[in-house]
Amino acid sequence: MAAVRKAEEAPIHGDILEAIFSHVPLIHLVHASHVSKAWKRAVSSSLAHVRPIKPWLMVLTQSTRASHVTTAHAYDPRSHVWLEIKHYPSIKNRRYSSAIRSSHSTLLYTLSPAEFAFSLDALHLAWHHAPAPRVWRTDPIVARVGQRVVVAGGACEFEDDPLAVEMYDMESDTWIMCQSMPELLKGSSASTWISVAVAGDMMHVTEKNSGVTYSFDTITRRWEGPYDLRPDQSVCYCVTGTLGKRLMVAGVVGDAENVKGVKLWALKGELGSGMEEVGEMPKEMVEKVRSGLVFGSVEVTCVGDFVYLRNTAQPEEVMMCEVVSGGLCEWKSVSNVALNGGMRMVVCGGDVRMEDLQRAVMSENGIFCM
């Protein structure tokens, strides 16, 4: 009997504990890491060597009649689970609050005549509030580049310059007027028609229809281009992002009436150096993207080595691609549990770290629910 009791009290050590933790949902590992120093080391080792953290997909829903967030969910691809985020920070009580929008995969923002608010943290729980830009805009291109946020185009009809560009400096809390967008983009200088991606100190804007691309240097505040980022003439619609540190293009092959495929390409080197194919979506997933497809209905969210794709006309499923070691693509699809009839959905990514989750989970609100 004593031997049995001793065996029951024997601690679990090393590789066994790490292997066990690799099957535990990430959100539960936060509490597990606080059990003891040994468990904390095992959690860290398991995440570093057995099953690492993967970028999350965040889905917010908003009422079409009010600007406040109704629900907030996150998909954790490491654990293959959806989480509901309780007590999501509300900005509905702020004066002139407007609908939350997403931009270049990881940025959330709101824009009103009185204020520009944006969220940069991985879980989008903290918001920075800044004065509104000088030019009033309804559908701008917005991107965070280092310690600056660039707001370009999308100006109201009564503004003198529809291509106006302003840059908000987070350190000085000031707006800086910059060189306007290239004249060639005058007919499409809004986020509806333009895809935006950030690499280094550069913001790249691409016409979704043609692939025509210009780059904005936030240091010199000047535009460069044009470049052609359409990988193939058979691509009728393309959206840019970053895959790792490389500029990436997700392209719909064929046309809206006859979608033949969806492919991913990455830039070989500098702009103008050509593209190389990274992967192609399986045919059964293409069928889901094809259904009800119209211009602008394919949304792409890129975080780290993950690419999330969805057809807003068929929001029941989210397709995803993970580029693993050796450049291979692993595709899968998941049901969108955040779907809420009649509600507007805003999607973005989050490069979540353990410390982000610890701050959130160990707060007095305890915000996550599986």
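Biologist: Are Phe116 and Phe118 buried or exposed?

Modeller: This is a predicted model, where local features need pLDDT of at least 70, side-chain atom pairs count only at pLDDT 80 or more, and totals for chains, interfaces and linings use all residues. Residues are numbered from 1 along each chain as its sequence is written, and side-chain values use heavy atoms, without hydrogens and water. Buried means under 20% relative accessible area, exposed over 50%, partly exposed in between (1.4 Å probe, protein chains only). Phe116 and Phe118 are both buried.

Biologist: How many aromatic pairs are there?

Modeller: Rings of Phe, Tyr and Trp (its six-membered ring) pair if their centres lie within 6.5 Å; planes under 30 degrees apart are stacked, over 60 edge-to-face, the rest tilted. By this rule the count is 9 aromatic pairs.

Biologist: Which parts does the pair of Phe21 and Trp39 tie together?

Modeller: Phe21 and Trp39 pair edge-to-face, at 5.4 Å centre to centre and 70 degrees between the planes. Helices are DSSP runs (H or I, at least four residues), numbered from the N terminus. Phe21 lies in residues 14-21 and Trp39 in residues 37-50, so the pair ties together parts 18 residues apart in sequence: helix 2 and helix 4.

Technical notes. Helix = DSSP H or I, 4+ residues; strand = E, 2+ residues; numbered from the N terminus.
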